Amino acid sequence: MKPASGIKRVFVANRGEIALRIVNACEELGLETVVGTSDADRDGLAARRADQAVCIGPAPATESYLRDDLVVQAALGTGCDAIHPGYGFLSESPKLATRAAENGLVFIGPPPEVIELSGDKLRAREEAARAGVPVLPGEEIAPDQDAHKLANQIGYPLLVKAAGGGGGRGIKLARDRGELDSLLSLARSEAGAAFGDERVYLERFVATARHIEVQIAADEHDAVVHLGERDCSVQRRHQKVIEEAPAPNLDPATRNALTAEAVAFGRAIGYRNLGTVEFVLDVDTGEHFFLEINCRIQVEHPVTEAVTGKDLVKLQIHIADGEPLGFTQEDVVFDGHAIECRLNAEDVARGFMPSPGTLSLFAVPDHSHLRVDTALCAGATIPPYYDSLMAKLIAHAEGRDATIDVQLEALEELDVEGVETNRALLISVLAHDDFRRGAITTDWLERAIV
């Protein structure tokens, strides 16, 4: 992939492994980088590896990583011409994308209007249906509306979802009329506090479900392609734990429908850059439905990189720089199988309580079929202010069984001291016969393991 032509210096508005991942990609493209850090991350590996680091605020994310004004000010003050938001924090903020554009900065992501549309789950559902993509029965429920009438039309159990939610947040399950009554007002208040939007909607709940997502890429020259699908069904409380590509035991007709619909949806909303269209697959009926679109690089993007051989962060930068994709759908070739495990600093035995602290030992295995994305090393401190992700272990082998074996070996060889981790949980999942057979649904982890 050739170096970017217009972009010369990138401001990395993130932390941890994804910040380091962006710094490395920019370095390989011949671009300079500036990492914006909080007080807690001044000595982080990403800050040390970048050409420059600048502190943008105190440790709490609300005073640093979530301040779009400080991010843009820091980018301008350090001579950057582009901002890469990574994932989380401001990665799907139309305010940041708009503010960047108003100040002559390239936002490495979709246009603000696309981010705004995608962040509104009700609008996204409408656009998906208009593009011919199946959506689950559901509808917004106003405060003065008869919730029971709508719920009876949809059928129990059902989900109460925040219109401005995402990433598994803002979702509550109501199994009957009584639970719906108790959840509605709570859901509205929580949605208002978390997303600044109290709107909620009711949606049919698929009890036996798989979570399948499709990676799309779109440039400014009307090209939209998909880079295959990922299975993210190993979840706890709607948060992904293990992801893989391709999705196991997915029949060709369903795979083709999912990828075609993802491309059609992306084209219909004028998508640009990389995005992920998420679906729920009803295991009992074989039906699939649109869930949402994520306007950012995903935590699990390395499994797609492994099976396609394409660097998605570099691709993001090239698209943002106005370059064409440089390949067609026919050029996307899939090779082997990849599985990613999220190693988190958390105490599983104590309800997955975060386990911040200093790593007295952190040694990752060296394996020819293993990639480890992390910004940690022995002596590093995991602060209590952010999510608990320590590292992503990505195994890639010719077949799924071999890939599982690589992951199990890597997790067994991993040495971590100083904090509690979910390593034992990951091993339990990978070693389970249900996982080996690809018989996993979104409720499986909490039902069979935890």
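Predicted model: local features only at pLDDT ≥ 70, side-chain atom pairs only at ≥ 80, totals over all residues.

Reply: Arg371 and Glu305 form a salt bridge, with the closest N and O atoms 2.8 Å apart. The pair links distant parts of the chain: Arg371 sits in strand β20 and Glu305 in helix α10, 66 residues apart.

Me: Is Glu305 buried or exposed?

Reply: Buried means under 20% relative accessible area. Glu305 has a relative accessible area of 7%. So Glu305 is buried.

Me: Which parts does the salt bridge between Lys240 and Glu213 tie together?

Reply: The side chains of Lys240 and Glu213 meet at 2.8 Å, N to O. The two residues are 27 apart in sequence, so their pair ties together strand β12, which holds Lys240, and strand β10, which holds Glu213.

Me: What is the relative accessible area of Glu213?

Reply: The cut-off for buried is under 20%. Glu213 is buried. Its relative accessible area is 0%.

Me: Which element gives the most to the negative patch?

Reply: Glu409, Glu412, Glu413, Asp415 and Glu417 gather in this surface patch. Helix α12 and strand β23 each supply at least two of its residues. With 3 residues, the most comes from α12.

Me: Which are the edge strands of the open sheet?

Reply: The open sheet has 5 strands, paired in parallel, in the order β3-β2-β1-β4-β5. An edge strand here pairs on one side only. The edge strands are β3 and β5.

Me: In β2, what is the bridge partner of Val12?

Reply: Strands β1 and β2 pair in the parallel sense over 4 bridges. In β2, the partner of Val12 is Val35.

Key:
Residues numbered from 1 in each chain as written. Heavy atoms only, no water. Pairing = 2+ DSSP bridges. Patch = residues over 30% accessible without salt bridge, like charges linked within 9 Å, V, L, I, M, F, W, Y side chains within 5 Å. Areas by Shrake-Rupley, 256 points an atom, 1.4 Å probe, with all protein chains shown as cover. Salt bridge = Lys/Arg side-chain N within 4 Å of Asp/Glu carboxyl O. Lys, Arg positive; Asp, Glu negative; His and termini not counted. Charge placed at Lys NZ, Arg CZ, Asp CG, Glu CD. Buried < 20%, exposed > 50% of the residue type's maximum accessible area, 1.4 Å probe, protein only.
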